[in-house]
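Hello,

Here is the structure I promised to pass on. Please open it first, then read my notes below.

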Amino acid sequence: MPSKNGPVRSRTVAPRRVALAALTAFVLPLTACGSLLGQSPAGDGGDEDAPITLTVSTFNNFGYTDELLAQYTKEHPNVTVEHIVAPTSDEARLQMLKAFTTGDGAELADIVAAEVDWMPELMQHSELFEDLTDPAVTKRWVDWKVAQATTPDGKLLGYGTDIGPEAICYRADLFEEAGLPTDREEVANLLGGKDATWERYFEVGRQFAGQSDVAWFDGATGTFQGMVNQLPAAFEDPATQLPTDLSTNNEVRSVYDQITAAIDDGLSAGLVQWSPEWAAGFQQNTFATMLCPGWMMGPIESYSAGVQGWDVANVFPGGGGNWGGSFLAVPSAGAYTKEAKELAAWLTAPEQQTQAFTAAGAFPSQIEAQGSETVQGYTNKFFNNAPVGKIFTARAQSIDDAPYKGPYYFAIRDEVNNALTAVDTGSSGPEIAWNQAVQTVGDFRVQE
């Protein structure tokens with residue numbers, strides 16, 4: 001989901017001690033859970049007409065405009081909705097973990113947004129959240145989205161908001177200067193069309209680099225995110241939920257090697273996504289392409305204000321890919337869990353998710369919303385009037401299933417990202433950086 005006033009689907013390269021502390025605090029047993037749950041038993045709202053305030057905690061920009069929330073209050077006059085927005089996904093995660101682990105129920109919102117990469121951490125402690133199973137919303141979402149928020153015993157932990165089907169965004173003006181096709185259909189064919197591969201993507205990048213001083217892509221971590229999301233089980237064993245041995249993880253190492261080879265060939269701009277330098281790069285013609293889930297169009301347009309030439313091609317190397325997407329969960333410690341469930345269901349209904357898409361580019365996970373005239377007919381003026389509704393629907397239909405992401409996924413992914421960033425910024429060589437990641441991930445395994 002895109003950013004309202006800043007980066008979207010953000011990740012800052014956090015120090016290892018922060019990632020480890022957060023992981024230990026939440027994946028391992030929570031000593032504070034009892035006190036938190038005891039502070040405010042799950043409420044039924046009491047008098048249904050009594051004025052109440054429901055807090056909704058999200059991050060970046062879910063497309064929940066003031067007008068949209070006011071619409072809910074108009075339909076429910078006794079309910080005021082307070083929207084709390086964290087600048088990034090990482091910050092929202094840490095704030096929520098703090099509220100749970102300190103037992104400070106006052107810091108916990110009635111509805112909390114959870115990003116797909118750290119949803120598995122929440123599922124390890126499903127007792128802290130309400131079961132949102134409801135016949136009224138059955139079949140609302142694509143099946144793999146529901147599976148991502150369903151516990152092994154069948155508890156639905158979150159209502160799906162958006163998904164992140166991926167395409168390729170590119171600068172048509174920079175393509176033209178390098179002698180490459182500029183039409184979005186021709187660009188899709190150039191990258192391989194339905195048979196697009198990562199090898200072809202990097203090969204075209206080398207062709208581009210031979211005719212331009214501009215980098216082919218923005219940076220290593222965003223590219224890694226798109227590639228690793230195509231692996232069925234990148235970092236953990238689905239049978240045991242334990243981390244796999246990174247030192248012998250040939251699939252992840254292959255992705256790592258492809259990216260570091262591209263860095264060595266000068267294809268990367270060496271920018272860390274969501275950093276000030278990355279944001280400035282949009283204004284400085286620093287790179288020509290980037291992996292582009294639907295929500296990424298928002299920050300591209302924001303950071304590229306005044307820049308002409310952006311377009312989006314209906315193609316993605318390796319087939320379908322999903323980057324990001326979130327859920328709304330209801331903590332059981334809330335005083336108004338019944339009303340919170342109702343609001344969460346309303347916010348994730350097809351009608352509201354269609355509005356969120358047009359407001360922020362958050363491509364809906366709801367089947368009905370995807371097929372609506374509004375989504376199918378939606379174009380984006382900034383991206384050369386690209387039919388983005390149809391493009392991202394096509395990209396969503398190319399996704400067969402969601403990869404397995406267990407409770408360690410978020411932390412292990414960040415360690416590999418740290419390694420790639422070290423290589424991308426020139427502070428370490430590929431082998432040294434990889435070995436550091438292997439050692440740190442090995443510590444996760446030892447903890448078990």
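This is a predicted model: local features need pLDDT of at least 70, side-chain atom pairs count only at pLDDT 80 or more; totals for chains, interfaces and linings use all residues.

In which sense do S4 and strand S8 (residues 322–329) pair, and over how many bridges? The two strands pair in the antiparallel sense, over 4 bridges.

S4 has other partners. It pairs with strand S6 (residues 287–293), again in the antiparallel sense, over 5 bridges. There, tyrosine 170 has threonine 289 of S6 as its bridge partner. Strand S7 (residues 310–313) also runs antiparallel to S4, and 4 bridges join them. In S7, tryptophan 310 stands opposite arginine 171.

Next, a pair of helices. Helix H11 covers residues 250–264, and helix H19 covers residues 409–424. Their axes come within 10 Å and cross at roughly 15 degrees. Angles under 35 degrees count as roughly parallel, so H11 is roughly parallel to H19. The crossing is right-handed.

Which residues make the contact? From H11 they are Tyr256, Ile259, Thr260 and Ile263. From H19 they are Val416, Ala419, Leu420, Val423 and Asp424. By type, the residues of this contact divide into 7 nonpolar, 1 polar and 1 charged.

Over to you.

Best wishes

Notes: Residues are numbered from 1 along each chain as its sequence is written. Side-chain values use heavy atoms; hydrogens and water are left out. Two strands pair if DSSP finds at least two bridges between them. Axes are lines fitted to C-alpha atoms, for helices over the stretch in contact, and angles run from 0 to 180 degrees between N-to-C directions. Angles under 35 degrees count as roughly parallel, over 145 as roughly antiparallel, 65 to 115 as roughly perpendicular and the rest as oblique. A crossing is left-handed if the near helix is turned anticlockwise from the far one by less than a right angle, and right-handed if clockwise. Contact means heavy atoms within 4.5 Å. Ala, Val, Leu, Ile, Met, Phe, Trp, Tyr, Cys and Pro count as nonpolar, Asp, Glu, Lys and Arg as charged, and the others, Gly among them, as polar.
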